[in-house]
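Colleague: I have a protein model open and would like to go through it with you. Can we start with the ligand?

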Amino acid sequence: MSVAKKDYKIVTTKSLFDMKQNGEKISMLTAYDYTMAKIVDSAGVDVILVGDSASNVMAGHETTLPITLDQMIYHASCVVRGVERALVVVDLPFGTYQSDSKKALESAIRVMKESGAHALKLEGGKEIKEGIKKILGAGVPVMGHLGLTPQSIYKFGTYTVRAKEEAEAIKLIEDAKMLEKIGCFAIVLEKIPAKLAEQIAKEVSIPIIGIGAGGGVDGQVLVVHDMIGMTHEFSPKFLRRYMNLYEDMTNAIGQYVEDVKSKDFPNASEQY
Ligand code: KIV
């Protein structure tokens, strides 16, 4: 299939649908702050996800569960200020949408009003169908997230590949079709077998964005700090590191410490 590449001045949910139709793969990365968002946007990434992975990457928590709605709104508003082209999608954090659809809508409205983001992402399938419908009914675009859903880590017990068994694969396909039917504009599939992800991408009309879900889907997402090697403890098979910033930054900062201690910095031209 030919890969048509059309330039989108501003990326909308409709652009993503067109990209799928045209066989153009969708690029998506996380960002949690203004400076990173500006770099990611300038580099031409189509979708910027203000992921609740900020809980791990920014705050140092072991899971995504502790991050709050206020904290997500803060991160999202910083990102929005740095973006000119990309579609900005924000994760609704754990505990802000699962209990009932009214609460889901209230959380959604707060993020949209207070951050200026363009869309939301929610983890789960039929269990949260009513909440998603309510949010969609208010005119807010929703991206689904199935497979390994980190907000349910204590139910799964581990971060291993999901939907290897037939029953879970069948439920995943049903959930993806349900999300398409009720009006979600895209779905993230995390850490599932590549064949299953490819099958789902073929069977639904909305874009499927994978992370650890192989190359047969419509786009890819990574956590930017992992992809540029700022984090170094986390090395799953699906992660391609494009830089080793942890090492480069540690060396640069070590050099600065040495220069200060040795009185090499500042020199005559670095003062007034
Ligand atoms: O929070 C996040 O960064 C995510 C991606 C891993 C898809 O949900």
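Modeller: We will go through the ligand site, the record entries and the domains. Keep in mind that this is a predicted model.

Colleague: Which residues are around the ligand?

Modeller: The residues around the ligand are Thr30, Leu49, Gly51, Asp52, Ser53, Asp91, Lys121, His145, Ile211 and Val223. By class, that shell has three nonpolar, four polar and three charged residues.

Colleague: How far is a polar side-chain atom of Asp52 from an oxygen atom of the ligand?

Modeller: For Asp52 that distance is 3.0 Å. Ser53 has a side-chain N or O atom 2.5 Å from an oxygen atom of the ligand. For Lys121, a polar side-chain atom lies 2.8 Å from a ligand oxygen atom.

Colleague: And how much of the ligand does the protein bury?

Modeller: The protein buries 95% of the 260 Å² that the ligand exposes when taken alone.

Colleague: Changing topic: what does UniProt list as "binding site"?

Modeller: One "binding site" annotation, from an unreviewed UniProt entry, covers Asp52, Ser53, Asp91 and Lys121. These residues span 70 residues in sequence, but no two of their C-alpha atoms are more than 12.5 Å apart, so they gather at one spot. Asp52, Ser53, Asp91 and Lys121 are in the lining of the largest pocket.

Colleague: Where does Glu123 come in?

Modeller: In the unreviewed UniProt entry, Glu123 is listed under "binding site" with Asp52 and Asp91. That set is spread over 72 residues of sequence, yet it clusters in space, with a largest C-alpha distance of 10.7 Å. The lining of the largest pocket includes Asp52, Asp91 and Glu123.

Colleague: Last topic. What does the domain assignment give?

Modeller: The assignment gives domain 1 as 13-241 and domain 2 as 246-272.

Colleague: How far apart are the centres of domain 1 and domain 2?

Modeller: Taken over C-alpha atoms, the centres of domain 1 and domain 2 are 40 Å apart.

Terms used
Residues numbered from 1 in each chain as written. Predicted model: local features only at pLDDT ≥ 70, side-chain atom pairs only at ≥ 80, totals over all residues. Heavy atoms only, no water. Near = heavy atom within 4 Å. Polar contact = N/O pair within 3.5 Å; in protein donor to acceptor, adjacent residues only side chain to side chain. Areas by Shrake-Rupley, 256 points an atom, 1.4 Å probe, with all protein chains shown as cover. Nonpolar A, V, L, I, M, F, W, Y, C, P; charged D, E, K, R; others polar. Domains from an automatic or database assignment. UniProt positions renumbered as here; feature names shortened; annotations may be inferred. 1 Å grid on protein atoms, 1.4 Å probe; cavity = no way out; pocket = protein on both sides within 12 Å on 5 of 7 lines; lining within 4 Å.
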